[in-house]
Amino acid sequence: MENHLHKFFVFFFSIYLLGYFIIFRKWNSNIRPEASSCLISLFHGTPATVLAVAAVLSAENRSLAAANTNFQNLVLDYSAAYFAADLVHLATFFTGGGDLTFVFHHLATLFVILTCRHVAVHGAVAVLTLLALAEVTSAPQNAWALARARRKDAQFAASVASVVSVPFYGFYSVVRGLLGPYVVFRMAAFYSGGGAEGVIATWVWISWVVVVSVAIAASIAWVSNLWIEVYEERSRKVEDKIR
C-alpha cells in the first residue's frame, strides 16, 4: 500500500502554521507555540480514535497477530505524521524539562507505529487499540491545556481550567491507569504465549510492550502530580477559610 505519511505531515504542519501565524497571532509569544501544538493535536486525537476503532472493527481478522489491512496502515500513517509534525514543534521551541518528556513520548510512539507499519506489517489491531485509548483523552486534554495556558491573563480561561481540571484528571486516570495497563497485559499474555510466533519478531513485540508500559507509567506519574496540585490548592483554600 502507498505510504501517505508525507501527505499527512504536510496537512498537520500546515495547520500548525495556520494556528501560529493566524489563529493565535495575538496571543502571548510564550504560549503561541503550545497553543498551535494543541491545535494540531485536536485535529489528530479524536479523528485518530474514531479511525482506529473503525479500522479494527472493519477488519475480518481481529487477532493481535493479524496482517495489517490497508485501512489500518492508513490510520498508522495519519498518526505517525502527527507525531512527526509535533516533534518539529518540540525541536523548534524546546525548553527542556517537560518538553523532554514529550520528545521521548513522541519518539517512542513513532517507534511502535513505524515498526508495526513497516517492519512487522502485522499487529495493527493491538497498536491501534492502544492508540484509540491514548487519544480518547486528547480533546479534554487540549481544552484543559489551552485554558491553563491563558488562565493568568484571561478570567474566562481561568474559569474553564478550574471547571474541567478534575473531570479531565479523573477521565485520564481511568484510561491511562486502568484500561491502558489491561490492554498491555492482554498483549503481553497473547504474544508471550506464542500467539504471533513466526509472524511478529520477538524483539518487536517485546519492544512494544516495554515502550508502551514505560509510556503508561510516565502518564500515571504526570497525572499523579496534577492530583497533588489539586490537593495542595484545595488545602490552601481550606486553611485560608479557617484563618
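In the predicted model described here, S173 is partly exposed, with a relative accessible area of 22%, a value that falls in this class because buried residues are those under 20% and exposed residues those over 50%. S173 is located in helix α7, which comprises residues 155-192. When its neighbours within four places in sequence are set aside, the contacts of S173 are L178, V223 and W227. The C-alpha atom of S173 is also separated by 9.9 Å from that of W222, a residue 49 places away along the chain.

The packing of helix α1 (residues 5-23) against helix α3 (residues 70-92) was examined next. The axes of these two helices are 8 Å apart and the helices pack at an angle of about 45°, which makes α1 oblique to α3. The crossing of this pair is right-handed. On the α1 side, the residues that meet α3 are L5, F8, F9, F11, F12, F13 and Y16, and their counterparts in α3 are L74, D77, Y78, A80, A81, Y82, A84, A85, V88 and H89.

Helix α1 also packs against helix α2 (residues 32-57), in this case at an angle of about 140° and with the axes 9 Å apart. The contact is made by F11, F12, I15, Y16, G19, Y20, F21 and I23 of α1, together with R32, P33, S36, S37, L39, I40, F43 and H44 of α2. As α1 passes α2, the crossing is right-handed. Among the α1 residues, F11, F12 and Y16 are listed both in the contact with α3 and in the contact with α2. L17, which likewise has its place in helix α1, is partly exposed, with a relative accessible area of 34%. L17 and V103 lie 86 residues apart in sequence, and their C-alpha atoms are 20 Å apart in space.

Helix α3 has a further partner in α5 (124-135), and the axes of α3 and α5 come within 11 Å and cross at roughly 45°. The two helices are therefore oblique to each other, and α3 passes α5 in a left-handed crossing, whereas the crossing of α1 and α3 is right-handed. The residues of α3 that take part are Q72, V75, L76, S79 and F83, and those they meet in α5 are A124, V125, V127, L128, L131 and E135.

The loop between α4 (98-120) and α5 contains V121, and G123 lies in this loop as well. For V121, phi is near 60°, a positive value in a residue other than glycine. V121 is partly exposed, with a relative accessible area of 38%, whereas G123, at 0% relative accessibility, counts as buried. Beyond its neighbours within four places in sequence, G123 is in contact with L64, A65, A66, N68, C116, Y191, I200 and W208. By comparison, G123 and V175 are 52 residues apart in sequence and 21 Å apart in space, taken from C-alpha to C-alpha.

One of the residues in contact with G123 is C116, which is itself buried, with a relative accessible area of 0%. C38 is buried as well, with a relative accessible area of 7%. A search for disulfides across the whole structure finds zero.

Finally, the geometry of helix α6 (residues 138-150) was compared with expectation. At 1.5 Å a residue, the 13 residues of this helix should span 18 Å, and the C-alpha atoms at its ends are 18 Å apart, which agrees; the expected value rests on 1.5 Å times one less than the number of residues. The buried residues of α6 are S138, Q141, N142, W144, A145, L146 and A147.

How values were computed: Residues are numbered from 1 along each chain as its sequence is written. This is a predicted model: local features need pLDDT of at least 70, side-chain atom pairs count only at pLDDT 80 or more; totals for chains, interfaces and linings use all residues. Side-chain values use heavy atoms; hydrogens and water are left out. Helices (H or I, at least four residues) and strands (E, at least two) are DSSP runs, numbered from the N terminus. Buried means under 20% relative accessible area, exposed over 50%, partly exposed in between (1.4 Å probe, protein chains only). A disulfide is a pair of cysteine sulfur atoms within 2.5 Å. Axes are lines fitted to C-alpha atoms, for helices over the stretch in contact, and angles run from 0 to 180 degrees between N-to-C directions. Angles under 35 degrees count as roughly parallel, over 145 as roughly antiparallel, 65 to 115 as roughly perpendicular and the rest as oblique. A crossing is left-handed if the near helix is turned anticlockwise from the far one by less than a right angle, and right-handed if clockwise. Contact means heavy atoms within 4.5 Å.
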